[in-house]
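Please keep the sequence and the model at hand while reading.

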Amino acid sequence: MTKPFMFEKPLGMRDTLPVLYETKVSARNKMSDEIKKWGYQFIETPALEYYETIGEASAILDQQLFKLLDSQGHTLVLRPEMTAPIARVAASKLLKQQIPLRLAYSANVYRAQQREGGRPAEFEQIGIECIGNKSISADAEMIALLADVLKAAGLQEFKISIGHIGFLQEFFLSILGTEERASILRKFLYEKNYVGFREHVKSLPLSSIDKQRLIEFTSLRGSEGTLKMAQGLVENNKGQDSLAELKELSEQLKEFGVDQYVSFDLTLVSHMSYYTGTLFEVYAGHVGSPIGNGGRYDNLLGKFGWNAPATGFAIRVDRLAEALGEPMQPVAPECILFSPERRLEAIEFARTKRSEGKLVTIQDITVVQNVDAFTRTFSEVHLFVGNGGNGGNGGNGKDEK
């Protein structure tokens, strides 16, 4: 009897079949190699963390957390992202190591979905964290490394949009006066709802000049000239320091030779609330959502008792695979079909093939119902059947040993 949900999966969960699996593995390995070339060391953290630490320190909404109780009654969460767990490790176990720390990870994260909308509840991220470096050069390193990692994975065309949450916050508060008002406008920007943003601004009790400044703010997207436009909108030097940081960042990215991949978007807002300065997103191909994002988060480690600046990025491996286009076809193995009396010969032949680096499957022919259908997906087929030394291949294009 078929059980209910026998072939169903929990909301947002996905199966990864061989073609996509190979594509993701290939991209992941290439990215990992590039990250190591820059001196980053990979670490692992547990999938389960305490809700009171990682759950509360994470910037992921509470309703998106997978929660469960352990045998002692403690509330646990499946890690919803990797930055907070790495901050925990760095603050608790790596304090005495050389600063700055350069750490990397490749791991699955889990975020509960309220309804099925094509969004996965489990997905893999590969990323880095640079801890203890407050300089602009660290921000430039993040973006330059991000570009090199994507190129190493095989992505040729992409764009990294750079913003500054510090500038946006200062600009909004200087006009609106309260965080409550600013949060409403941030929500419009996060949703890319510029029409709603403008309509809301028109309804605010502000002077016509301030309304115009807010509306003009939504056009601060494009080349380096965007930074000059932004300077014309600020008053009382509010946000000038942030713009100076972005100007210096732009110059350093030219030195890294990645400025062709970069644009500026001062309307950029992240759902990660712990960002404090420069932040960025990367888009590619026909993928409608960012394939990666990152930025500076100088206050997060303070939640674990260590006040240290930090910056990093994460790449969504599933979205990257989509951006890469045609999935990578798995390498087809060779097949050895054998009859029971020639099993030992087949095993030894397979062992020799594998020592040469070949992929080899061995199969007892007596349990194969349709030989032609079974062997169709293999690159080459070797037969060890009947008495040895018969030779020939029966006209089927198969070797008979």
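Leaving aside its neighbours within four places in sequence, with which residues is Ala-87 in contact? The model under discussion is a predicted one, and in this model Ala-87 touches Leu-300, Leu-301 and Phe-304. Ala-87 itself has its place in helix H3, which covers residues 83-93. Its relative accessibility is 1%, and because buried means under 20% relative accessible area, Ala-87 counts as buried.

Gln-231 is found in helix H9, residues 225-231. With a relative accessible area of 42%, Gln-231 is partly exposed, since that term applies between the 20% limit for buried and the 50% limit for exposed. When residues up to four places away in sequence are not counted, Gln-231 touches Gln-240 and Leu-243. Along the chain, Gln-231 and Leu-168 are 63 residues apart, while a separation of 12 Å is found between their C-alpha atoms.

Attention now turns to the strands. In general, the strands of a sheet pair through backbone hydrogen bonds, in either a parallel or an antiparallel arrangement. Strand S10, formed by residues 278-284, is mostly covered, with six of its seven residues buried. Strand S10 has antiparallel pairing with strand S7 (residues 158-164), over seven bridges. Within this pairing, Ile-160 has Val-282 in S10 as its bridge partner. Strand S10 also pairs with strand S11 (residues 292-296), again in the antiparallel sense, over four bridges.

What is the order of the strands in the open sheet of three strands? The order is S2-S4-S3, and the pairing is antiparallel. Strand S2 (48-50) and strand S3 (67-69) are the edge strands, each of which pairs on one side only. On average, neighbouring strands of this sheet are turned by 40° against each other, direction ignored. The pairing between S3 and strand S4 (residues 75-78) is antiparallel and runs over three bridges. In that pairing, the bridge partner of Leu-68 is Leu-76 in S4.

Key. Residues are numbered from 1 along each chain as its sequence is written. This is a predicted model: local features need pLDDT of at least 70, side-chain atom pairs count only at pLDDT 80 or more; totals for chains, interfaces and linings use all residues. Side-chain values use heavy atoms; hydrogens and water are left out. Buried means under 20% relative accessible area, exposed over 50%, partly exposed in between (1.4 Å probe, protein chains only). Helices (H or I, at least four residues) and strands (E, at least two) are DSSP runs, numbered from the N terminus. Two strands pair if DSSP finds at least two bridges between them. Axes are lines fitted to C-alpha atoms, for helices over the stretch in contact, and angles run from 0 to 180 degrees between N-to-C directions. Contact means heavy atoms within 4.5 Å.
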